[in-house]
Amino acid sequence: MQLTRRKLIKSGLLASALACGGGIAAVLAKRYGLVPPDSGGLYGLGETLTYASQRILFSHQSLAREFSHNQISTNFPGFGTVMPDYQPYFFSMVEGFKDWRLVIDGLLAKRLMLSLSDIKQLPSRTQITEHICEEGWSAIAEWTGVPLSNVLNVAGIRPEARYVLFACVDGHWGSIDMADALHPQTLLAYRMNGQDLSVAHGAPVRLRVERQLGYKSLKYIARIRVVDSLKAIGKGLGGSDPEAGYSWYAGI
Ligand SMILES: Nc1nc2c(c(=O)[nH]1)N[C@H]1C(S)=C(S)[C@@H](COP(=O)(O)O)O[C@H]1N2
Ligand SMILES: [Mo]
């Protein structure tokens, strides 16, 4: 017998199937560590389901689509902060970020403090990807940077590591899980379309998280920390965007 939606509603099976399915998904999500940090509120179950199902479907670490040179957008706007309002940043920028240092610590075997030239000496990756902003625009660009996994592996990732936190010069902050942190297309990017990253696009180093919406690709990275939980940080939602009402997991 074909179970149509109508029949299900009539028999009351749909309601129990939904209740039960949701419950099972939540239990499975919890068991497999698939609960995003913002799962507590009213939309908690929905967030958990999106996150868990994407994680299960894409657990083989699929790559975001890559494009060819002739598809690079001629117009890629700077969006959100385009010049951090912070004097030390301004002076560092004027000097070509010579004194800029990136501290990476937390649940790592050793703490790293990297200059821009240290970062540029690590094995790099170049990729042409589409940036999709939640505000309804998208653009294609070529990004070059060091895969975050290379940096974390140089430092040695401790087994308790669950999330990577990023703090930006303009006060934005956010986090990704280890699956995205270790994904081959997740970069600490320092070049865009073959040029050093401009201030508008996040100089000297920005994050690229290609399988999530644009706001996860944080600009002006100042500090990176590997943690086992996001609960004690801010409101416990994992970033300034989730605290402003956006989903922590913004999978495309
Ligand atoms: N630090 C910081 N990172 C940020 C933002 C921001 O305002 N500050 N805006 C986000 C948003 S909403 C988008 S769409 C992209 C925009 O990147 P672009 O300026 O290179 O277009 O950066 C993201 N990263
Ligand atoms: Mo965005």
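A pocket is taken here as an open set of points on a 1 Å grid over the protein atoms alone, with protein on both sides within 12 Å along at least five of seven lines; residues with an atom within 4 Å of a point count as lining. A molecule sits in such a pocket if more than half of its atoms lie within 2 Å of its grid points. By this test, ligand 1 sits in the largest pocket.

The model is predicted, and local features need pLDDT of at least 70, side-chain atom pairs pLDDT 80 or more, while totals for chains, interfaces and linings use all residues. Residues are numbered from 1 along each chain, chains are lettered from A and ligands numbered from 1 as written, and side-chain values use heavy atoms, without hydrogens and water.

Turning to the ligand, 22 residues surround ligand 1, with Pro77, Asp170, His201, Arg206 and Lys219 the closest; a residue counts as near if one of its heavy atoms lies within 4 Å. Polar contacts are pairs of N or O atoms within 3.5 Å. Oxygen atoms of ligand 1 lie 2.5 Å from a polar side-chain atom of Lys219, 2.6 Å from one of His201 and 2.9 Å from a backbone N or O atom of Thr81. The protein covers 96% of the 530 Å² of accessible area that ligand 1 has on its own (Shrake-Rupley method, 1.4 Å probe).

Definitions and conventions
A polar contact is a pair of N or O atoms within 3.5 Å; within protein, one must be able to donate a hydrogen and the other to accept it, and residues adjacent in sequence count only if both atoms are side-chain atoms. On a 1 Å grid over the protein atoms alone, a cavity is a set of points where a 1.4 Å probe fits but cannot get out, and a pocket is an open set with protein on both sides within 12 Å along at least five of seven lines; lining residues have an atom within 4 Å of a point.
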